[in-house]
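Hi,

Here is the structure I promised to pass on.

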Amino acid sequence: MEGVVQVSFTIDAKGRLLDYTLVKSSGVPGLDDAALQLLSEAEPFPAIPDALDLNQYEVQVPVNYSLQ
């Protein structure tokens with residue numbers, strides 16, 4: 001199975017995962033589920049640097065699954 005899943009997630013200032021969502025499906029439900037599970041398993045994320053003075057940060061990224 002191969003595909004690209006587009007996900008969006010929000011972290012708080014301490015790097016805790018607040019929310020995540022599937023933005024664009026790969027067309028393969030198993031890959032979509034794996035990408036969302038990846039986010040919850042990656043927690044905690046690095047804290048937001050104090051210099052940015054943010055309480056939350058939203059990120060949108062592609063997760064690429066390919067056979068090599």
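Predicted model: local features only at pLDDT ≥ 70, side-chain atom pairs only at ≥ 80, totals over all residues.

Before the pairing details, one convention: two strands are said to pair if DSSP finds at least two bridges between them. With that in mind, Gln 6 has Lys 24 in E2 as its bridge partner. Strands E1 and E2 (residues 17-24) run antiparallel to each other, with six bridges in the pairing.

As for the overall layout, the protein has three strands and one helix, arranged β-β-α-β from the N terminus on. The C-alpha trace spans about 40 × 20 × 15 Å along its principal axes. Of the 68 residues, 28% count as buried. The accessible surface is about 4,700 Å², and carbon and sulfur atoms account for 52% of that. If you look at contacts between residues at least 6 apart in sequence, 64% of them join residues at least 24 apart.

Now the inside. The largest nonpolar core has eleven residues, among them Val 5, Phe 9, Leu 17, Leu 39, Phe 45 and Val 63. Strand E1 (3-12) and helix H1 (29-42) each supply at least two residues of this core, and E1 gives the most, with four.

Apart from neighbours within four places in sequence, Phe 9 is in contact with Leu 17, Asp 19, Tyr 20, Leu 39, Phe 45, Tyr 57, Glu 58, Val 59 and Val 61.

Cheers

Terms used:
Residues numbered from 1 in each chain as written. Heavy atoms only, no water. Core = buried A, V, L, I, M, F, W, Y, C linked by side-chain atoms within 4.5 Å. Buried < 20%, exposed > 50% of the residue type's maximum accessible area, 1.4 Å probe, protein only. Contact = heavy atoms within 4.5 Å. Areas by Shrake-Rupley, 256 points an atom, 1.4 Å probe, with all protein chains shown as cover.
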